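Subject: A structure for you to look at

Hi there,

Here is the structure I promised to pass on. Have a look around first, and then read my notes below.

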Amino acid sequence: MTVSVEPTPSTSAVASEKPSSEALRPHAEDAFAHELAALAAQDDRPRPVRWKMSPWAVATYLLGGTLPDGTVITPKYVGPRRIVEVAVTTLATDRALLLLGVPGTAKTWVSEHLAAAVSGDSTLLVQGTAGTPEEAIRYGWNYAQLLANGPSRAALVPSPVMRAMAEGMTARVEELTRIPADVQDSLITILSEKTLPIPELGGEVQAVRGFNLIATANDRDRGVNDLSSALRRRFNTVVLPLPESAEAEVEIVARRVDQIGRSLDLPAVPEGVDEIRRVVTVFRELRDGITADGRTKLKSPSGTLSTAEAISVVTNGLALAAHFGDGLLRPSDVAAGILGAVVRDPAADRVIWQEYLEAVVRERDGWKDFYRACREVSA
């Protein structure tokens with residue numbers, strides 16, 4: 001017996017009842033609704049069943065471009081085009097997609113925008129943690145109904161994955177490797193048989209065409225649970241790399257900080273691009289263990305020093321400049337944030353940071369203000 005799952009209002013539908021300007025972080029389908037609408041209107045290529053647009057249009061939405069009518073599509077991901085094309089193509093097949101990469105490589109960001117472009121809804125989300133139960137992936141129960149009437153369709157509480165299966169949409173599972181291994185494996189039947197058994201009702205939910213799943217994972221954080229080989233085989237894996245060049249990373253940080261800053265009424269990013277470039281340079285050199293000119297080898301601290309952390313440091317610096325400065329991003333506004341990102345282990349990392357300051361920053365032309373600001377917060 002196939003059990004029907006009645007559609008329930010999505011998070012974005014509920015949120016849309018309020019003015020979008022009030023949302024601190026609008027969902028992708030809301031924040032970029034005009035771009036999605038423009039792409040769908042001009043997209044005359046074949047679309048997979050229940051997709052809002054063709055695979056070509058989805059890739060254009062992520063990578064950016066200019067449409068024939070002059071509409072500019074802003075890049076959501078800056079990186080190799082082939083990576084995006086492979087990810088989108090995977091979603092058009094019956095294989096699930098696993099976005100793999102070190103922390104801060106925009107896995108969640110890409111996942112959200114893929115779901116928004118493909119299904120028009122990025123909110124069918126399971127956030128993986130060490131405490132994620134099996135019910136979050138399969139289904140749960142309304143215990144008041146369950147105790148009153150026993151197992152029934154009315155008492156069933158569908159998970160985001162179950163809803164995506166029933167409605168032919170894209171589900172997302174974030175931080176898959178943080179979920180306990182036995183809970184991870186509840187995905188195996190869903191991904192291989194495209195069905196979710198409900199033994200309590202003697203039935204099942206079968207996935208309809210259009211359903212797929214995007215998972216994200218990294219293997220650098222503590223508390224990671226390796227994927228079983230059986231589960232890993234159910235995914236096509238796409239590895240998202242760190243930005244290839246400093247300029248590419250500066251562009252990513254500036255673009256994302258500008259988006260965040262507009263929602264927080266912070267100063268414009270272009271006025272602080274020099275400090276953004278400085279933050280990115282520090283992070284890349286310490287992350288790579290060598291200076292940009294290749295002349296000096298460095299010790300790397302214990303933190304990841306990811307692009308996401310650089311975005312956080314610059315955003316916090318802009319807030320300091322706006323509320324306690326003159327509105328211009330200066331070395332003193334980012335120094336404390338850099339220190340917090342670099343020095344995670346107070347004993348070992350502080351020594352590494354001090355050596356970097358004295359051996360590299362102190363001697364670099366045009367960095368004297370930055371050196372003094374970092375020395376002040378490091379004292």
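Let's begin with the second largest pocket, where α2 (28–31), α3 (33–42), α6 and α12 each supply at least two residues of the lining. Please keep in mind that this is a predicted model.

Which helix gives the largest share of that lining? The answer is α12, with 8 residues in the lining of the second largest pocket. The space in the second largest pocket comes to about 620 Å³. In total, 25 residues line the second largest pocket, and those closest to its centre are Pro-26, Ala-31, Gln-259, Ile-260 and Ser-263. If you sort the lining of the second largest pocket by class, you get 9 nonpolar, 8 polar and 8 charged residues.

Now for the largest pocket. It holds about 750 Å³ of space. Its lining is made up of 32 residues, and Gly-104, Thr-105, Ala-106, Trp-109 and Ala-308 are the closest to its centre. The helices α6 (107–119), α12 (246–264) and α14 (307–324) each bring at least two residues to the lining of the largest pocket. By class, the lining of the largest pocket splits into 15 nonpolar, 8 polar and 9 charged residues.

My other notes are about a strand, β10 (residues 212–217). Why can we say that β10 is largely enclosed by the rest of the structure? A residue counts as buried when its relative accessible area is under 20%. For β10, 6 of the 6 residues are buried, so the strand is largely enclosed by the rest of the structure.

What does β10 pair with? One partner is strand β3 (residues 96–100), which runs parallel to β10 and is joined to it by 4 bridges.

Happy exploring, and send me your questions!

Best wishes

Notes
Residues numbered from 1 in each chain as written. Predicted model: local features only at pLDDT ≥ 70, side-chain atom pairs only at ≥ 80, totals over all residues. Heavy atoms only, no water. Buried < 20%, exposed > 50% of the residue type's maximum accessible area, 1.4 Å probe, protein only. Pairing = 2+ DSSP bridges. 1 Å grid on protein atoms, 1.4 Å probe; cavity = no way out; pocket = protein on both sides within 12 Å on 5 of 7 lines; lining within 4 Å. Points joined across faces, edges and corners; volume = space filled by probe spheres on them. Nonpolar A, V, L, I, M, F, W, Y, C, P; charged D, E, K, R; others polar.
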